[in-house]
Amino acid sequence: MTFSLAGIFSVLSNAIQPFLVLILTILAVLVAVQFTARIRSYRTKAHQYMPAMIVALLVGASSVWWLPLLTHSQLAFVTTAIDWLALIAAALGVALLVWLVLHPLSYLIRGPR
Amino acid sequence: MSRFTLSPPSLGRRQLLKLGLGASAASLLPLSSVFANTLSTKARIVILGGGAAGMSMANRLARRLSGATITVVEPRELHHYQPGWTLVASGVWEAERTLQPNAKFRPAGIEWVQGQAAGIDAGQRRITLADSSTLDYDVLVVATGLQLNYQLIDGMSPDLIGSNGIGSVYASLDAARRTRDAIDAWLAEGGGKGIFTSPQTAIKCAGAPIKMTFTTLSRIKAEGVRDHFNLDYFTGGGGMFSQPWINDFLKQRFDRENITRHHSQYLSAIDAGAKQAQFTSKDGSTEVRDYDFIHVVPPMSAPDFVKDSDLIAQSGAFQGEWLDTDIHTLQHNRYPEVFGIGDVIGAPINKTAASVKAQAPVVEANILAYLQEKPLPARHNGYTSCPLITDIGKAMLVEFGYDNNMEFLPSFSFIDPKEESWSAWVLKDYLLQPAYYAMLEGRV
């Protein structure tokens, strides 16, 4: 069985559809926080705030447990190499997303550090 | 037959909008890979059935033929994603998740007859509908699906599903819901005897009886009361599954899980009031079993109006039960203007939506060749797929075909069909339904 690029695109667009509102909401929050912080001179490398990093890592690490639950499964069923690869990639994505929101947010709340 | 010419495609606004969604992605592709040439023809094409196979063919042929009259005969307005019914019956999905209006997938430029076919006169190339009107065709695509023969189990009726400890995921979406309720009620009793059945005939989604056994077992184990439940599995066939490696795996797994296997014994009668089931062996002997819950899978065949027509197999393994098609070209063995696709065809395996996904491009290419009086170029290798749920939360993506002794045909090299995995479960839970809808649109 092979999939054309148009076929893959069609499948993905159908797959995303039920989560579109959630995805757009998360993106809106991300863009709003980043944009607001940046027009107030926020620069990623210049701002130091370790708690944002710690919280992002904690949320990312905990997602290894709760991401399978979200899919009606459990961590015990994550067994194959591809399972772990997918789960770790998703957890890293969660951690990055949380950090990209919390880091500029801390700048907005606490000011430059 | 009229003259046929190949010409560039003409696309409707709806089709363009759908493709336009991926304007940037599509721009990466050479145009020829997105749009195949269209064939100009005046042929009258009738597609019997607007389910997975019929809808997929309607979209494909509407895109590839210009000037043809394409008529789909389908009584239902709603499209059911039937592969999701086991998840509904297992309490994982809400029922509504499996429903979509047919109008969402219906291509522009075809005629949709909302009626029931009642007869096929293959000699006259004529379809009779339930209201006695007729449709003449030059090419017929038989995509009717199959018929559930609950009446062949003495005492059984779809109305009983959900009561007296009877479940059956096949009958309808509502039956899947009632099966879930029956399992819930049984689990609430805290123990008892459960029987899961598979009939003596070919069935659609042959993994479903096994999936229902495993998901129910999963729920019992989650309650921590496994010792209070006895589980038996009766199959009318000699094995558990067509694919030899998976067959052995399932036998071992059932034994390990203490699910007693009974082979070559099919459910022949049921006494709902007494909660007793009768099983008949190949030698004709019978055995009566008490149950607290029973999952009934009925015998299946082509619909009666197909069985009553000359299109039905006249000899061999599918005689009198299934459409007489060449299992590789999917063309009828005696009527070259007739093609079969989906559950209705006589084939060793293949009564799955995944098979339709593989069959549809074959039927499309071969119909186009037939219209141009060319040799049929496409062959189906018998591909089918079963996302075999072994527990709520893990599955095996079993893909194989009937060529080469049911060898595995994995779509993704990184997913081992012999391994249970969370990834295969996520595919089943989230990605196969979108792939199915893309198939209906003729995009996969």
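A: A crossing is left-handed if the near helix is turned anticlockwise from the far one by less than a right angle, and right-handed if clockwise. The model is predicted: local features need pLDDT of at least 70, side-chain atom pairs count only at 80 or more, and totals for chains, interfaces and linings use all residues. Residues are numbered from 1 along each chain as written, with chains lettered from A and ligands numbered from 1 in the order written.

Take helices α2 (residues 20-39) and α4 (residues 81-110) of chain A. Helices here are DSSP runs (H or I, at least four residues), numbered from the N terminus. The crossing of α2(A) and α4(A) is left-handed. They pack at about 35°, axes 9 Å apart; axes are fitted to C-alpha atoms over the stretch in contact, and angles run from 0 to 180 degrees between N-to-C directions.

From α2(A), the contact uses A:Val29, A:Leu30, A:Val33, A:Gln34, A:Thr36 and A:Ala37. From α4(A) come A:Leu100, A:Val101, A:Pro104, A:Leu105, A:Tyr107 and A:Leu108. Contact means C-beta atoms, placed from the backbone, within 7 Å. Ten of these residues are nonpolar, two polar and none charged.

Helix α4(A) also has a part in the contact between the chains. That contact takes 24 residues from chain A and 34 residues from chain B. On the chain A side, α1 (5-16) and α4 each supply at least two residues. α1(A) gives the most, with nine residues. This side divides into twelve nonpolar, eleven polar and one charged.

The model scores ipTM 0.91 and pTM 0.90.

Conventions:
Contact = placed C-beta atoms within 7 Å. Nonpolar A, V, L, I, M, F, W, Y, C, P; charged D, E, K, R; others polar.
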